Amino acid sequence: MSDIRINPSILAADFVNMQAELARIAAADFVHVDVMDNHFVPNLTFGPQMVERIQATSPVPLDVHLMIDDPMRWAPEYAEIGAASVTFHLEAAADPVAVARRLRQIGARAGVAVKPGTRADALYEILDEFDQILVMTVEPGFGGQSFMPETMPKLRELADEARRRGSAVWLQVDGGISASTIAQAAEAGADTFVAGSAVFGADDPDAAIRGLRATAGSAHRHAH
C-alpha cells in the first residue's frame with residue numbers, strides 16, 4: 001500500500017489546538033498545509049511563521065500548497081523552513097521551471113498545481129521538472145467544496161502521459177476527497193490524496209486515514 005499517500009488538510013483542523021490536531025494524524029503520510037494570500041485566491045490562511053511552527057510540531061512531513069501570486073519570490077522560503085514538498089500554481093508562475101529547480105536545489109520536492117479549468121497538456125513540456133502534480137478537484141480557495149468529477153479526464157490524461165514517459169511523478173488530488181469520492185480519483189490515476197473533514201471530522205482520524213488508504217489502494221490497483 002506504500003504507493004498510496006493520504007495527506008490530511010489542516011484547513012479542516014482546529015487551529016487553536018493545532019499541536020493536538022497534528023498528533024491525531026500520525027498515521028498520515030504528510031500533512032497538507034494550504035497557504036493562501038487573498039490575491040491568487042479570495043481567502044487568507046497561514047504565512048511562513050505559522051508553517052514553521054507546524055513543521056516543528058508535526059509528526060509527519062509537510063506538503064505545502066501555495067495558492068499565492070509570485071511563487072518565485074515566496075515558494076523557496078517554505079522549502080527553507082523544511083517543508084518536504086512545496087506545490088505552487090502553474091497559473092501564478094511566470095517561470096514554473098525556475099521555481100521547481102530552485103525548490104529542488106534547496107532540497108524539497110517540487111510540485112505544480114492546476115485549477116479545474118487548466119488543461120492537462122499545459123504541463124506536458126515541463127512535467128519532468130516536477131515530483132508532484134496536483135489536480136485541483138474544486139476551485140482553489142475554500143475548504144468544504146464538493147468534488148468535481150469533470151476533472152477526472154484531465155487526471156487520466158496526466159496519468160497516461162506520466163506512464164508513457166516512465167515518470168515517477170506523484171499525482172495528487174485536492175478538494176472534496178472523502179470515502180465516497182476517493183475511489184473515482186484513484187481509478188483515474190491519483191496516488192496522493194488531500195482529505196480535510198473526512199479525516200479531521202472523524203471520531204478516529206487514524207482509522208479514517210487507514211480506511212481512505214485501503215479504498216484508494218484497491219481502486220488504484222484495479223485501474224492498472
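Which residues does Ala-83 touch, not counting residues up to four places away in sequence? In this predicted model, Ala-83 touches Gln-55, Leu-62, Val-64, Tyr-78 and Ala-108, once residues up to four places away in sequence are left out of the count. The points below take up the setting of this residue, then a pair of helices, and then a strand.

**Ala-83 and its loop**
- Ala-83 lies in the loop between helix 3 and strand 4, the latter covering residues 85-89.
- Because its relative accessibility is 4%, under the 20% limit, Ala-83 counts as buried.
- Although Ala-83 and Arg-109 are 26 residues apart along the chain, their C-alpha atoms are separated by 8.6 Å.

**Helix 3 against helix 4**
- The axes of helix 3 (residues 71-81) and helix 4 (residues 96-106) come within 9 Å and cross at roughly 20 degrees, which makes helix 3 roughly parallel to helix 4.
- The crossing of helix 3 and helix 4 is right-handed.
- On the side of helix 3, the contact involves Pro-71, Met-72, Ala-75, Pro-76, Ala-79 and Glu-80, which meet Ala-98, Val-99, Arg-102, Leu-103 and Ile-106 in helix 4.
- The residues of this contact divide into nine nonpolar and two charged, with no polar ones.

**Strand 1 and its partner**
- Strand 1 (residues 5-8) is covered on both faces, with Arg-5 and Asn-7 buried on one side and Ile-6 and Pro-8 buried on the other.
- Strand 1 runs parallel to strand 8 (residues 192-195), and four bridges join the two.
- Within this pairing, Asn-7 stands opposite Val-194 in strand 8.

Methods
Residues are numbered from 1 along each chain as its sequence is written. This is a predicted model: local features need pLDDT of at least 70, side-chain atom pairs count only at pLDDT 80 or more; totals for chains, interfaces and linings use all residues. Side-chain values use heavy atoms; hydrogens and water are left out. Axes are lines fitted to C-alpha atoms, for helices over the stretch in contact, and angles run from 0 to 180 degrees between N-to-C directions. Angles under 35 degrees count as roughly parallel, over 145 as roughly antiparallel, 65 to 115 as roughly perpendicular and the rest as oblique. A crossing is left-handed if the near helix is turned anticlockwise from the far one by less than a right angle, and right-handed if clockwise. Contact means heavy atoms within 4.5 Å. Ala, Val, Leu, Ile, Met, Phe, Trp, Tyr, Cys and Pro count as nonpolar, Asp, Glu, Lys and Arg as charged, and the others, Gly among them, as polar. Buried means under 20% relative accessible area, exposed over 50%, partly exposed in between (1.4 Å probe, protein chains only). Two strands pair if DSSP finds at least two bridges between them.
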